[in-house]
Amino acid sequence: MKANTPIVCLLGPTASGKTAAALALAQDTPLEIISVDSALVYREMDIGTAKPSADELAAVPHHLIDIIDPRDAYSAAQFREDTLRLVDEITARGRRPLLVGGTMLYYKALTQGLSPLPSADADVRAKLDEDAAREGWPAMHARLASVDPVTAARLAPNDAQRVQRALEIFALSGKPMSQWLAEQTPDTASPHAFVPVALEPGDRSVLHARIAERFRSMLAAGFVEEVERLRARGDLDPGLPSMRCVGYRQVWEYLDGETDYDTMRDKGVFATRQLCKRQLTWLRSMPERHIVDCTAADAPQRALATVRTLWGD
(Lines give C-alpha, C1' and ligand atoms only; values in the text may rest on other atoms or scores of the structure.)
Protein backbone atom coordinates (compact mmCIF):
# COMPACT_ATOMS: atom_id res chain seq x y z
CA MET A 1 0.00 0.00 0.00
CA LYS A 2 1.33 3.44 -0.93
CA ALA A 3 2.27 5.69 1.96
CA ASN A 4 -0.32 8.30 1.01
CA THR A 5 -3.18 5.87 0.38
CA PRO A 6 -6.18 6.85 2.54
CA ILE A 7 -7.56 4.45 5.12
CA VAL A 8 -11.11 3.84 3.91
CA CYS A 9 -13.84 3.59 6.53
CA LEU A 10 -17.00 1.88 5.29
CA LEU A 11 -19.64 3.37 7.58
CA GLY A 12 -23.40 3.11 7.66
CA PRO A 13 -26.48 2.41 9.73
CA THR A 14 -27.58 -1.05 10.69
CA ALA A 15 -28.77 -3.24 7.78
CA SER A 16 -27.12 -1.01 5.16
CA GLY A 17 -25.00 -3.82 3.68
CA LYS A 18 -21.59 -2.93 5.12
CA THR A 19 -20.43 -6.50 5.74
CA ALA A 20 -21.44 -7.68 2.27
CA ALA A 21 -19.62 -4.78 0.61
CA ALA A 22 -16.49 -5.37 2.69
CA LEU A 23 -16.38 -9.08 1.86
CA ALA A 24 -16.87 -8.29 -1.83
CA LEU A 25 -13.86 -5.95 -1.71
CA ALA A 26 -11.81 -8.68 -0.07
CA GLN A 27 -12.42 -11.00 -3.04
CA ASP A 28 -9.67 -9.39 -5.10
CA THR A 29 -7.86 -7.10 -2.65
CA PRO A 30 -5.47 -8.27 0.10
CA LEU A 31 -7.13 -6.54 3.02
CA GLU A 32 -7.96 -6.98 6.69
CA ILE A 33 -11.16 -5.68 8.28
CA ILE A 34 -11.17 -3.64 11.48
CA SER A 35 -14.64 -3.64 13.04
CA VAL A 36 -16.04 -0.26 14.07
CA ASP A 37 -18.86 -1.75 16.13
CA SER A 38 -19.36 -1.50 19.89
CA ALA A 39 -21.50 -4.67 19.99
CA LEU A 40 -19.27 -6.99 17.97
CA VAL A 41 -16.50 -6.72 20.57
CA TYR A 42 -18.46 -9.05 22.88
CA ARG A 43 -18.07 -12.81 22.92
CA GLU A 44 -21.21 -15.02 23.16
CA MET A 45 -23.29 -12.29 21.49
CA ASP A 46 -23.61 -13.46 17.91
CA ILE A 47 -27.22 -13.46 16.71
CA GLY A 48 -28.41 -10.16 18.15
CA THR A 49 -25.31 -8.30 16.94
CA ALA A 50 -25.57 -9.69 13.38
CA LYS A 51 -21.99 -10.85 13.79
CA PRO A 52 -20.36 -12.12 10.60
CA SER A 53 -20.68 -15.88 10.27
CA ALA A 54 -17.82 -18.28 10.93
CA ASP A 55 -17.30 -18.66 7.18
CA GLU A 56 -17.23 -14.89 6.68
CA LEU A 57 -14.76 -14.44 9.54
CA ALA A 58 -12.57 -17.17 8.06
CA ALA A 59 -12.67 -15.68 4.55
CA VAL A 60 -10.79 -12.52 5.51
CA PRO A 61 -8.91 -11.49 8.68
CA HIS A 62 -11.15 -9.53 11.08
CA HIS A 63 -10.10 -7.50 14.10
CA LEU A 64 -11.87 -6.17 17.23
CA ILE A 65 -14.54 -8.89 17.12
CA ASP A 66 -15.03 -11.31 20.06
CA ILE A 67 -12.33 -9.59 22.12
CA ILE A 68 -14.02 -9.11 25.52
CA ASP A 69 -16.51 -10.81 27.82
CA PRO A 70 -20.03 -9.33 28.09
CA ARG A 71 -19.31 -8.61 31.75
CA ASP A 72 -16.56 -6.17 30.76
CA ALA A 73 -16.56 -2.76 29.06
CA TYR A 74 -14.72 -1.48 26.00
CA SER A 75 -14.29 2.24 25.48
CA ALA A 76 -13.91 4.56 22.51
CA ALA A 77 -10.44 5.39 23.83
CA GLN A 78 -9.48 1.70 23.76
CA PHE A 79 -10.88 1.43 20.24
CA ARG A 80 -8.76 4.36 19.07
CA GLU A 81 -5.60 2.92 20.59
CA ASP A 82 -6.25 -0.57 19.19
CA THR A 83 -7.17 0.68 15.73
CA LEU A 84 -4.13 2.92 15.30
CA ARG A 85 -1.94 -0.03 16.27
CA LEU A 86 -3.77 -2.41 13.94
CA VAL A 87 -3.56 -0.03 10.98
CA ASP A 88 0.22 0.05 11.35
CA GLU A 89 0.45 -3.73 11.74
CA ILE A 90 -1.75 -4.42 8.72
CA THR A 91 0.06 -1.99 6.45
CA ALA A 92 3.40 -3.45 7.60
CA ARG A 93 2.14 -6.82 6.34
CA GLY A 94 1.59 -5.25 2.92
CA ARG A 95 -2.18 -5.45 3.20
CA ARG A 96 -4.91 -2.81 3.25
CA PRO A 97 -6.84 -2.02 6.41
CA LEU A 98 -10.55 -1.47 5.84
CA LEU A 99 -12.60 -0.09 8.71
CA VAL A 100 -16.21 -1.30 8.69
CA GLY A 101 -19.05 -0.50 11.07
CA GLY A 102 -21.66 1.85 12.44
CA THR A 103 -20.49 2.98 15.89
CA MET A 104 -19.98 6.62 15.01
CA LEU A 105 -18.56 7.56 18.41
CA TYR A 106 -15.70 5.16 17.70
CA TYR A 107 -15.07 6.81 14.34
CA LYS A 108 -15.16 10.26 15.92
CA ALA A 109 -12.69 9.17 18.61
CA LEU A 110 -10.39 7.76 15.95
CA THR A 111 -10.40 10.79 13.68
CA GLN A 112 -10.90 13.67 16.11
CA GLY A 113 -9.46 12.32 19.34
CA LEU A 114 -11.13 12.31 22.72
CA SER A 115 -11.65 15.02 25.29
CA PRO A 116 -10.42 13.80 28.70
CA LEU A 117 -13.38 13.28 31.01
CA PRO A 118 -13.66 12.06 34.63
CA SER A 119 -13.24 8.29 34.90
CA ALA A 120 -16.20 6.06 35.66
CA ASP A 121 -17.11 5.62 39.31
CA ALA A 122 -18.90 2.41 40.33
CA ASP A 123 -20.48 3.92 43.45
CA VAL A 124 -21.91 6.91 41.60
CA ARG A 125 -23.26 4.66 38.85
CA ALA A 126 -24.87 2.34 41.39
CA LYS A 127 -26.63 5.30 43.02
CA LEU A 128 -27.84 6.56 39.64
CA ASP A 129 -29.11 3.08 38.77
CA GLU A 130 -31.04 2.99 42.05
CA ASP A 131 -32.59 6.39 41.29
CA ALA A 132 -33.48 5.28 37.79
CA ALA A 133 -35.11 2.09 39.03
CA ARG A 134 -37.29 4.18 41.31
CA GLU A 135 -37.99 7.19 39.05
CA GLY A 136 -37.44 5.95 35.50
CA TRP A 137 -34.95 7.15 32.89
CA PRO A 138 -37.17 9.94 31.51
CA ALA A 139 -37.08 11.49 35.00
CA MET A 140 -33.30 11.09 35.06
CA HIS A 141 -33.18 12.81 31.68
CA ALA A 142 -35.18 15.69 33.17
CA ARG A 143 -32.66 15.83 36.02
CA LEU A 144 -29.87 16.07 33.45
CA ALA A 145 -31.71 18.86 31.61
CA SER A 146 -31.68 20.90 34.82
CA VAL A 147 -27.88 20.76 35.15
CA ASP A 148 -26.72 20.25 31.55
CA PRO A 149 -29.42 21.31 29.07
CA VAL A 150 -27.00 21.19 26.12
CA THR A 151 -26.22 17.50 26.61
CA ALA A 152 -29.82 16.63 27.50
CA ALA A 153 -31.04 18.22 24.26
CA ARG A 154 -29.07 15.73 22.15
CA LEU A 155 -30.02 12.63 24.13
CA ALA A 156 -33.24 10.64 24.02
CA PRO A 157 -35.06 10.40 27.40
CA ASN A 158 -34.60 6.61 27.44
CA ASP A 159 -30.94 6.62 26.38
CA ALA A 160 -29.99 5.21 29.78
CA GLN A 161 -26.30 4.67 29.15
CA ARG A 162 -25.55 8.19 27.93
CA VAL A 163 -27.88 9.94 30.38
CA GLN A 164 -26.20 8.05 33.22
CA ARG A 165 -22.71 8.97 31.98
CA ALA A 166 -23.60 12.67 31.72
CA LEU A 167 -25.09 12.67 35.23
CA GLU A 168 -22.06 10.78 36.53
CA ILE A 169 -19.68 13.39 35.10
CA PHE A 170 -21.65 16.19 36.75
CA ALA A 171 -21.81 14.33 40.07
CA LEU A 172 -18.05 13.73 40.06
CA SER A 173 -16.89 17.14 38.89
CA GLY A 174 -19.72 19.60 39.43
CA LYS A 175 -19.24 20.60 35.79
CA PRO A 176 -21.59 19.70 32.92
CA MET A 177 -20.35 17.27 30.30
CA SER A 178 -21.01 19.88 27.61
CA GLN A 179 -18.64 22.27 29.37
CA TRP A 180 -15.93 19.62 29.62
CA LEU A 181 -16.20 18.98 25.88
CA ALA A 182 -16.16 22.68 25.03
CA GLU A 183 -13.14 23.52 27.18
CA GLN A 184 -10.78 20.67 26.43
CA THR A 185 -8.80 20.14 23.25
CA PRO A 186 -8.61 16.49 22.20
CA ASP A 187 -5.43 14.80 21.02
CA THR A 188 -5.90 14.28 17.28
CA ALA A 189 -2.35 13.32 16.34
CA SER A 190 -2.49 10.54 13.75
CA PRO A 191 -0.26 9.88 10.76
CA HIS A 192 -3.16 8.43 8.77
CA ALA A 193 -5.82 9.98 6.56
CA PHE A 194 -9.16 8.30 7.28
CA VAL A 195 -11.80 8.72 4.57
CA PRO A 196 -15.46 7.83 5.26
CA VAL A 197 -17.58 6.06 2.65
CA ALA A 198 -21.15 6.31 3.90
CA LEU A 199 -23.83 3.77 3.00
CA GLU A 200 -26.97 5.89 3.32
CA PRO A 201 -30.55 5.13 2.22
CA GLY A 202 -31.99 7.04 -0.70
CA ASP A 203 -35.32 5.53 0.36
CA ARG A 204 -35.48 5.18 4.13
CA SER A 205 -38.60 2.99 3.95
CA VAL A 206 -36.51 0.32 2.20
CA LEU A 207 -34.00 0.35 5.04
CA HIS A 208 -36.79 0.22 7.62
CA ALA A 209 -38.21 -2.85 5.90
CA ARG A 210 -34.77 -4.48 5.99
CA ILE A 211 -34.46 -3.70 9.70
CA ALA A 212 -37.82 -5.31 10.48
CA GLU A 213 -37.00 -8.38 8.42
CA ARG A 214 -33.58 -8.75 9.98
CA PHE A 215 -34.94 -8.55 13.53
CA ARG A 216 -37.54 -11.21 12.68
CA SER A 217 -34.76 -13.36 11.22
CA MET A 218 -32.70 -12.95 14.39
CA LEU A 219 -35.63 -14.16 16.47
CA ALA A 220 -36.12 -17.13 14.15
CA ALA A 221 -32.40 -17.93 14.42
CA GLY A 222 -32.58 -18.22 18.22
CA PHE A 223 -32.00 -14.70 19.54
CA VAL A 224 -34.21 -15.29 22.60
CA GLU A 225 -32.32 -18.49 23.38
CA GLU A 226 -29.02 -16.60 23.06
CA VAL A 227 -30.13 -14.08 25.69
CA GLU A 228 -31.41 -16.92 27.90
CA ARG A 229 -27.93 -18.46 27.85
CA LEU A 230 -26.38 -15.12 28.77
CA ARG A 231 -28.84 -14.68 31.65
CA ALA A 232 -28.12 -18.21 32.86
CA ARG A 233 -24.48 -17.27 33.50
CA GLY A 234 -25.64 -15.39 36.57
CA ASP A 235 -23.07 -12.61 36.37
CA LEU A 236 -24.80 -10.33 33.86
CA ASP A 237 -27.51 -7.74 34.40
CA PRO A 238 -29.49 -5.35 32.17
CA GLY A 239 -27.44 -2.37 33.35
CA LEU A 240 -24.22 -3.56 31.69
CA PRO A 241 -23.19 -1.91 28.38
CA SER A 242 -23.36 -5.30 26.64
CA MET A 243 -26.94 -5.94 27.72
CA ARG A 244 -27.93 -2.40 26.78
CA CYS A 245 -27.19 -3.17 23.13
CA VAL A 246 -30.23 -2.77 20.89
CA GLY A 247 -32.29 -5.94 20.88
CA TYR A 248 -30.70 -7.47 23.98
CA ARG A 249 -32.41 -4.99 26.27
CA GLN A 250 -35.81 -5.73 24.72
CA VAL A 251 -35.37 -9.52 24.86
CA TRP A 252 -34.18 -9.28 28.49
CA GLU A 253 -37.37 -7.37 29.37
CA TYR A 254 -39.41 -10.10 27.63
CA LEU A 255 -37.66 -12.83 29.61
CA ASP A 256 -38.31 -10.84 32.79
CA GLY A 257 -42.02 -10.97 31.93
CA GLU A 258 -42.29 -7.21 31.42
CA THR A 259 -43.59 -7.55 27.85
CA ASP A 260 -45.15 -10.19 25.64
CA TYR A 261 -43.44 -11.64 22.57
CA ASP A 262 -45.10 -9.41 19.98
CA THR A 263 -44.41 -6.27 22.03
CA MET A 264 -40.78 -7.33 22.45
CA ARG A 265 -40.44 -7.81 18.69
CA ASP A 266 -42.03 -4.46 17.92
CA LYS A 267 -39.92 -2.64 20.53
CA GLY A 268 -36.79 -4.28 19.15
CA VAL A 269 -37.57 -3.13 15.63
CA PHE A 270 -38.40 0.39 16.84
CA ALA A 271 -35.19 0.61 18.89
CA THR A 272 -33.18 -0.50 15.86
CA ARG A 273 -34.85 2.15 13.72
CA GLN A 274 -34.00 4.77 16.36
CA LEU A 275 -30.39 3.59 16.30
CA CYS A 276 -30.41 3.90 12.52
CA LYS A 277 -31.69 7.46 12.82
CA ARG A 278 -28.89 8.40 15.21
CA GLN A 279 -26.30 6.79 12.95
CA LEU A 280 -27.55 8.78 9.96
CA THR A 281 -27.45 12.00 11.98
CA TRP A 282 -23.79 11.33 12.78
CA LEU A 283 -23.01 10.54 9.15
CA ARG A 284 -24.66 13.68 7.85
CA SER A 285 -22.44 15.76 10.11
CA MET A 286 -19.45 14.60 8.02
CA PRO A 287 -19.25 16.82 4.91
CA GLU A 288 -16.13 14.96 3.78
CA ARG A 289 -17.92 11.62 3.38
CA HIS A 290 -18.43 9.84 0.05
CA ILE A 291 -22.09 8.78 -0.17
CA VAL A 292 -23.36 5.50 -1.64
CA ASP A 293 -27.10 4.85 -1.79
CA CYS A 294 -27.43 1.56 0.11
CA THR A 295 -31.00 1.07 -1.11
CA ALA A 296 -30.06 1.21 -4.82
CA ALA A 297 -30.25 -2.05 -6.73
CA ASP A 298 -26.55 -1.81 -7.60
CA ALA A 299 -25.43 -0.58 -4.17
CA PRO A 300 -22.64 -3.19 -3.75
CA GLN A 301 -21.13 -2.27 -7.11
CA ARG A 302 -21.32 1.44 -6.27
CA ALA A 303 -19.62 0.89 -2.93
CA LEU A 304 -16.84 -1.16 -4.50
CA ALA A 305 -16.25 1.43 -7.23
CA THR A 306 -16.11 4.27 -4.69
CA VAL A 307 -13.62 2.50 -2.44
CA ARG A 308 -11.40 1.43 -5.32
CA THR A 309 -11.32 4.97 -6.65
CA LEU A 310 -10.18 6.23 -3.26
CA TRP A 311 -7.50 3.53 -3.19
CA GLY A 312 -6.36 4.59 -6.65
CA ASP A 313 -7.07 1.16 -8.16
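1. Helix H10 passes helix H13 in a right-handed crossing, where right-handed means that the near helix is turned clockwise from the far one by less than a right angle, and left-handed anticlockwise. The two helices pack at an angle of about 135°, with their axes 10 Å apart; the axes are lines fitted to C-alpha atoms over the stretch in contact, and angles run from 0 to 180 degrees between N-to-C directions. H10 and H13 are therefore oblique to each other, a term for angles that are not under 35 degrees (roughly parallel), over 145 (roughly antiparallel) or 65 to 115 (roughly perpendicular).

2. This is a predicted model, in which local features need pLDDT of at least 70 and side-chain atom pairs count only at pLDDT 80 or more, while totals for chains, interfaces and linings use all residues. Residues are numbered from 1 along each chain as its sequence is written, and side-chain values use heavy atoms, with hydrogens and water left out.

3. In helix H11 (residues 223–232), Phe-223, Val-224, Glu-226, Val-227 and Leu-230 are buried, that is, under 20% relative accessible area with a 1.4 Å probe and protein chains only, whereas exposed means over 50%. Seen down the axis of H11, these buried residues fall within an arc of 160°, so they line one face of the helix. The face turned away from them carries the exposed Arg-229 and Ala-232, and the cover over the buried residues includes H10, H12 and H13.

Terms used
Helix = DSSP H or I, 4+ residues; strand = E, 2+ residues; numbered from the N terminus. Arc of directions from axis to C-beta. Contact = heavy atoms within 4.5 Å.
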